[in-house]
Amino acid sequence: MGVLKHYKELLPITPATPDVNLEEGCTPLIYLPRVSKRLGIKLYGKFEGCNPSGSFKDRGMVLAVAKALEEGKRAVICASTGNTSASAAAYAASQGIPCFVLLPAGKVALGKLAQALMYGAKVIAVKGNFDRALELAREGAEKTGCAMVNSVNPYRLIGQRSGAWEICDVLGKAPDWHAIPVGNAGNISAYWAGYNEYKKLGKINSLPRMMGFQAEGAAPLVFNKPCPNPETIATAIRIGNPVSAHLARAAVNESNGEFNSVTDEEILAAQKILAAEGGVFAEPASCAPLAGLIKLKGLNKLPEGITVTMILTGNGLKDPDTAMSQVGKPIEINDTLEDLMKVLESK
Ligand code: F0G
């Protein structure tokens, strides 16, 4: 039914809020038996790749675009490592308003670029990193009156709280740990706010430890200082100066959580494990939490038997290039049964 309808009572919806809806939300919370066994925990993946534009961004974008229209704005703008732009472009298309997206040139996964272009956004490749593109987008928004739909827009984070509500609605409780990739640091903050709201409403009686994971080459929250030249294969979280750093720190401190970093190699290994042992194909950034859980298990820092939800923030199909560089090629055969049997009978 879409996030705005599903959680109408918990969102700032007024009679004047337009009914924007791409049937986002209600994504599957998938129990992962084989990966759970490997880690000695109860592990669930919330597969945000099932959202209409293939990432969690749709939860907040639907509200941000609805409120922009309600406030009389007639165009949206954002900077993005790829998913925000795909989502903004999709909702703008659905409402027939222009969308401008600023991307770090050459650093956006192919599927995300294809999405923004197909949805009809004006795509601007900035010769600089995401952090610089975000500064420019903010200035552009101020000068033109376009609605800024990055997570500096408060409605984005309010809509993203719905992920936490769904988890609690399905589990009937909060998880012990909430594991999540951290880039611009909005989502971890939104989830923490969402869990707290549910606790206040008496819908859950405990709160999870918020465990944020960053890529080692782009880990300003782990190392506690901005990273001027962020670099990682997980381009979605290739961010050196997160705008919501203060909120993310508060979430981790208040929940007795942690920030940890993982290497690109660990992220890619986790992506393969999630696909080959979980049956779920998520993009590299989304696999930072699993990489982190594996790392913590190796350090004896993962308590036995706890319930962990990890947020699989984006669909693996968005970044086919990275996936293909990790796997072998198909086995090519002539169109004969003999050739086929050779393959089927080989060890
Ligand atoms: N995972 C994916 C797949 C993302 O696209 C992002 C952020 C994150 C995790 C991190 O979330 O920023 O709330 O801490 N992508 C943004 C974008 C920056 O432009 O698409 P965060």
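**Notebook: sheets, cavity and contacts**

I began with the strands and found an open sheet of six, ordered S1-S2-S10-S7-S8-S9, with mixed pairing. I then looked up its edges: strand S1 (29-31) and strand S9 (258-262) each have a single partner strand, so one side of each is left without a neighbour in the sheet. I noted that neighbouring strands of this sheet are turned by 25 degrees against each other on average, direction ignored. I record here that the model is a predicted one.

**Entry on S7 and S8**

I looked up how strand S7 (residues 177-181) is joined to strand S8 (residues 209-215). The two run parallel and are joined by five bridges.

**Entry on helix H12**

I asked which strands helix H12 (residues 264-278) lies across. The helix lies across S8, S9 and strand S10 (307-312), and I noted that H12 runs at about 95 degrees to S9.

I next turned to salt bridges and found that the structure holds 13. One that I looked up involves the side chains of Glu 277 and Arg 38, which meet at 2.8 Å, N to O. I noted that this pair links distant parts of the chain, as Glu 277 belongs to helix H12 and Arg 38 to helix H2 (residues 33-39), 239 residues apart.

**Entry on the four-stranded sheet**

I found an open sheet of four strands as well, with the order S5-S4-S3-S6 and parallel pairing. Which strands stand at its edges? They are strand S5 (122-126) and strand S6 (147-148); each has a single partner strand, so one side of each is left without a neighbour in the sheet. I also noted that helix H6 (residues 130-144) packs on this sheet, where it touches S3, S4, S5 and S6. The direction of H6 makes about 160 degrees with that of S3.

Within the sheet I looked up strand S3 (residues 76-79) and strand S4 (residues 99-104), which pair in the parallel sense over four bridges. I located Ala 79 opposite Leu 102 in S4.

**Entry on the cavity**

Rolling a probe the size of a water molecule over the atoms shows where empty space is left. How many cavities of 30 Å³ or more are there? The count comes to one, and I noted a volume of about 320 Å³ for the largest cavity.

I found that 27 residues line the largest cavity, and that Phe 56, Lys 57, Gly 183, Asn 184 and Ala 236 lie nearest its centre. I sorted the lining residues by kind and recorded ten nonpolar, 14 polar and three charged. Helix H4 (83-95), helix H7 (154-160) and helix H9 (186-200) each supply at least two residues of this lining.

**Entry on backbone angles**

Most residues other than glycine have a negative phi. Asn 224 lies in the loop between helix H10 (220-223) and helix H11 (245-254).

Definitions and conventions. Residues numbered from 1 in each chain as written. Predicted model: local features only at pLDDT ≥ 70, side-chain atom pairs only at ≥ 80, totals over all residues. Heavy atoms only, no water. Pairing = 2+ DSSP bridges. Axes fitted to C-alpha atoms, helices over the stretch in contact; angles between N-to-C directions. Contact = heavy atoms within 4.5 Å. 1 Å grid on protein atoms, 1.4 Å probe; cavity = no way out; pocket = protein on both sides within 12 Å on 5 of 7 lines; lining within 4 Å. Points joined across faces, edges and corners; volume = space filled by probe spheres on them. Nonpolar A, V, L, I, M, F, W, Y, C, P; charged D, E, K, R; others polar. Salt bridge = Lys/Arg side-chain N within 4 Å of Asp/Glu carboxyl O.
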